[in-house]
Amino acid sequence: MKAIVVNDLSGLEGLQLQDFPEPTVRPRGVVVEIKTAALNFPDVLQPKGLYQDQPDLPFVLGLEFSGIVREAGADCRRLKAGDRIVGMGQGALGEYSSAREQMCFKLPDSLSHDVGAAIPLAGGTAMYGLRYCGRLAAGETLVVLGAAGGTGNYAVQIGKALGARVIAVCSSSEKMRSALESGADVAINYREENLGERLKELTDNRGVDVVYDPVGGDLFDICSRRMAIGGRLLIVGFASGRIPNLGVNMPLIKSYSVVGTNWSLTAWNRPDISMRVMEELFTLCEQGAVRPVIDKVFPLTQAKAALSRLESQQAIGKTLVHVG
């Protein structure tokens with residue numbers, strides 16, 4: 001099969017579109033004929049050896065996909081050959097991929113493969129983070145960092161669907177417009193405005209109830225000082241490139257929680273939760289309350305250009321790659 005393969009850890013320049021052995025089915029897994037892959041920031045980190053989950057070399061890149069079940073293992077209970085699915089698992093940028101059944105979900109007939117591919121990892125992270133980790137309630141204030149990115153855009157839309165007041169934090173006027181179009185009540189350009197002072201002003205110095213942070217770095221530092229009493233600061237990722245340090249006196253002083261939001265780990269270990277998360281998310285998508293924002297769609301032959309766009313933070317919403 002054709003696939004985007006990581007043969008060494010030289011970064012995106014070292015990626016190759018080449019032949020790679022087709023995967024075989026495992027008892028509790030499925031082999032998927034990939035239709036569309038969706039890119040995520042870990043796809044930029046893995047070729048550099050910088051992600052926490054590093055497969056042995058060589059490996060096929062990509063973690064999020066939609067496709068058709070080609071073969072189901074003997075111990076599978078929910079899925080069978082021919083099912084339209086979305087899922088999470090290594091190897092999405094190949095014509096076929098092997099995935100655990102518990103990491104895959106049936107795609108409603110009303111949703112296309114492109115829309116479906118953009119949902120499970122980025123959308124699932126936002127839904128799991130806000131509903132189950134952040135316990136976001138109607139009337140609360142939600143701050144979304146990286147609000148025009150893949151998972152940040154979902155957080156804006158899901159936050160509005162849950163009845164929150166959403167403050168979107170972005171790096172450009174174009175990204176601010178995208179966040180506002182997705183339902184944000186307020187958008188802040190942190191490169192042109194003082195984020196800390198704006199959050200203080202917008203919350204009447206009360207602080208923020210929930211922060212959704214896939215960025216880390218300096219923005220985390222600022223938000224950690226603007227939390228409300230009883231707030232929840234959700235750690236999603238570190239797209240800024242810097243893992244921040246937090247003095248534990250800060251959560252103590254304001255009595256707020258810092259919560260790790262690892263959706264993939266939860267989906268792997270708690271399928272009861274992951275099924276509820278995806279059912280709720282699919283329902284919101286079918287109702288039109290959540291609409292995956294597609295940045296650009298590339299063919300597999302241009303996957304390296306698609307990843308470069310993601311690495312340079314040009315993407316607004318999800319970047320997709322047509323595989324099959």
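Helices and strands here are DSSP runs, numbered from the N terminus. The model is a predicted one.

**Helix 10**
- Helix 10 covers residues 271-287, which is 17 residues.
- At 1.5 Å a residue, helix 10 should span 24 Å, and its end C-alpha atoms are 24 Å apart, so the two values agree.
- Its buried residues are I273, S274, V277, M278, L281, F282, L284 and C285.
- Seen down the helix axis, these buried residues fall within an arc of 160 degrees, so they line one face of helix 10.
- The cover over them includes strand 6 (84-88), strand 8 (104-106), helix 3 (122-133), helix 4 (150-161) and helix 9 (263-269).

**Helix 3 against helix 10**
- The two axes come within 10 Å and cross at roughly 105 degrees.
- Angles of 65 to 115 degrees count as roughly perpendicular, so helix 3 is roughly perpendicular to helix 10.
- Helix 3 makes the contact with G123, G124, M127, Y128, R131 and Y132.
- Helix 10 brings I273, R276, V277, E280, L281 and L284.
- The residues of this contact divide into seven nonpolar, two polar and three charged.

**P23 in its loop**
- P23 sits in the loop between strand 2 (16-19) and strand 3 (29-38).
- Its relative accessibility is 25%, so P23 counts as partly exposed.
- Leaving aside neighbours within four places in sequence, P23 is in contact with M1, V31, Y96, S97 and S98.
- P23 and Y96 are 73 residues apart along the chain, yet their C-alpha atoms are separated by 6.9 Å.

Definitions and conventions:
Residues numbered from 1 in each chain as written. Predicted model: local features only at pLDDT ≥ 70, side-chain atom pairs only at ≥ 80, totals over all residues. Heavy atoms only, no water. Helix = DSSP H or I, 4+ residues; strand = E, 2+ residues; numbered from the N terminus. Expected span 1.5 Å × (residues − 1). Buried < 20%, exposed > 50% of the residue type's maximum accessible area, 1.4 Å probe, protein only. Arc of directions from axis to C-beta. Contact = heavy atoms within 4.5 Å. Axes fitted to C-alpha atoms, helices over the stretch in contact; angles between N-to-C directions. Parallel < 35°, antiparallel > 145°, perpendicular 65-115°, else oblique. Nonpolar A, V, L, I, M, F, W, Y, C, P; charged D, E, K, R; others polar.
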